[in-house]
Amino acid sequence: MADTSYLGWPFFGEPHRRLVRELEQFAAGGLSDLGHGSDDDAAIDAACREIVRRLGQAGLLNHCCVPVAGDRFDVRSLALSRDVLARHNPLADFAFAMQGLGTGPISLSGDERQRAAYLPAVMRGERIAAFALSEPQAGSDVGAIATTATKDGAGYVLNGTKTWISNGGIADHYVVFARSGGEKGTRGLSAFIVDAGTPGLQVAARIRTIAPHPLATLVFDGCRVAESALLGAPGEGFKIAMGTLDVFRTTVGAAALGLARRALEEALRRIRERTVFGKPLAEYQLTQAKIGDMALAIDAAALLVYRAAWTRDVLQRRVTREAAMAKLYATEAAQQVIDMAVQLFGGTGVVSGVTVETLYRDIRALRIYEGTSEIQKLVIAGAVLSGDGA
Ligand code: COS
């Protein structure tokens, strides 16, 4: 059983502790056998749909969206959900997170009609959401987005390519960022909701990674959407994307935390059971030093993650710096914690399908997506240099 002492920290209230109990109960009901570790695309897609359906039925997607304008995300609930789900089944964490990220711009900037059309069904687990920002030449550099949205009569026509799109192929809608104005860089971007099946939108290729999940390249070729698909005002796309990432980057840190907690649990079991040179691994100081490092990294990451979540929820201010710190530290620390766990397992740690081996693959992409570690350093430095948190 993982350490739950952090739930006593002043960042949390009773509803948060209740949520964690519900998530643990949900996970105990057979979540671990769903999809994770499979390399069969169809099986993974089916598992993601099933996970979303079950999470929705259990009411556990309710924190992913903000259906009423003026209400706010509770980032602590999102982060706790990812922390617990990632510890039990990283694919479940992925499916949960995408319901939030793929509707984040609607929650933050949608009008009443857009909220009503998308958010309740996503929260019930009946619709699958996706966030389409990256392009072959625009990953870290969002201002380089080349996909265009050209005004045409009562709507827009989208042309371009999006890639690394999680839930690509199984999503019911995509929030797509495209260049709608003449302005260059980050200023000319707008956000649109594009339903799957809209003529001109094609899932061009499946992308297979070291920790498989639904991931695709999308091509927009004369894809026509109505004016009502536009989120916020034309030209607000970059701020909508960054505002969404301010919420979800903290939760990437939380997912990393869940993976690291699982690695520590696995390592503790291993060092108590495994005997070398006549005594359990746990009795060697070299082992204990690793356990000390792992536990410290986990608590430090948790403090940064839940500090960022609490700051946004309670102080209700922009947390670009705090979210970047949480994501950067927690994902880098989790990579090290998991690597130490693999080392403690010895040869067994690199056998395909062993939990620490799958964790080793699961953690890697978290240091890249939603802003690489390098970008987080730039974001933190930018905030500090401009006087935020100095
Ligand atoms: N919330 C609201 N507004 C924000 C913001 C945020 N978090 N971050 C930036 N802005 C605003 C800035 O205040 C600025 O506004 P003004 O023009 O009115 O002054 C504008 O947006 C441009 O900001 P900035 O100059 O910082 O933009 P840059 O082009 O320098 O880019 C980085 C900033 C690199 C930090 C940004 O592009 C980024 O985060 N890149 C990583 C993207 C990413 O995560 N990609 C992965 C795909 S998602 S899986």
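**Group meeting: core, rings and a pocket**

Let me open with one residue. W164 is exposed, because its relative accessible area is 53%, and the cut-off for exposed is over 50%. Keep in mind that this is a predicted model. W164 belongs to strand β3, which covers residues 155–166. The backbone is worth a look here too. The phi of W164 is positive, about 60°, although the residue is not a glycine.

Where does E370 sit? It is in the loop between α10 (355–364) and α11 (373–385). Is E370 buried or exposed? E370 is buried, since its relative accessible area is 16% and buried means under 20%.

Now the core. In soluble globular proteins, nonpolar side chains tend to be buried together. In this model the largest nonpolar core has 117 residues. Which residues have the most contacts inside it? They are L158, F177, V194, M294 and Y306. By element, the top contributor is helix α7, residues 237–273, which gives 16 residues to this core.

Take Y306 from that list. Leaving out residues up to four places away in sequence, Y306 touches Y6, F11, F12, R76, A79, L80, D83, L257 and R261. Some of those partners come back in the next part. Y306 is in an aromatic cluster together with Y6, W9, F11, F12 and W310.

On to ring pairs. How many aromatic pairs are there? The count is 10. Y6 and F12 make one of them. Their ring centres are 6.2 Å apart and their planes stand at 80°, so this pair is edge-to-face. Y6 is buried, and F12 is buried as well.

Next, F73 and F248. Here the ring centres are 5.7 Å apart and the planes are at 85°, so this pair too is edge-to-face. What does the pair tie together? F73 lies in the loop between α2 (41–57) and α3 (75–88), while F248 is in helix α7, so the contact links parts that are 175 residues apart in sequence. Both F73 and F248 are buried.

Two lysines to note. K151 lies over the face of Y156, and the distance to the ring centre is 5.0 Å. K279 does likewise over Y284, at 4.8 Å from the ring centre.

Then a pocket. The second largest pocket holds about 220 Å³ of space. Which residues line it nearest its centre? They are L281, T287, K290, Q343 and L344, out of 13 lining residues. Two elements give two or more residues to this lining: α8 (285–315) and α9 (320–345).

Last stop, a glycine. G182 is in the loop between β4 (173–179) and β5 (189–195). G182 is exposed, because its relative accessible area is 80%. Now pair it with R261, one of the residues that Y306 touches. Along the chain, G182 and R261 are 79 residues apart. How far apart are their C-alpha atoms? They are separated by 48 Å.

To recap the ring part: F73 and F248 bridge 175 residues of sequence, and Y306 sits in the six-name cluster of Y6, W9, F11, F12, Y306 and W310.

Definitions and conventions:
Residues numbered from 1 in each chain as written. Predicted model: local features only at pLDDT ≥ 70, side-chain atom pairs only at ≥ 80, totals over all residues. Heavy atoms only, no water. Core = buried A, V, L, I, M, F, W, Y, C linked by side-chain atoms within 4.5 Å. Buried < 20%, exposed > 50% of the residue type's maximum accessible area, 1.4 Å probe, protein only. Helix = DSSP H or I, 4+ residues; strand = E, 2+ residues; numbered from the N terminus. Contact = heavy atoms within 4.5 Å. Phe/Tyr/Trp six-rings, centres within 6.5 Å; stacked < 30°, edge-to-face > 60°. Lys NZ or Arg CZ within 6 Å of the ring centre and 35° of its normal. 1 Å grid on protein atoms, 1.4 Å probe; cavity = no way out; pocket = protein on both sides within 12 Å on 5 of 7 lines; lining within 4 Å. Points joined across faces, edges and corners; volume = space filled by probe spheres on them.
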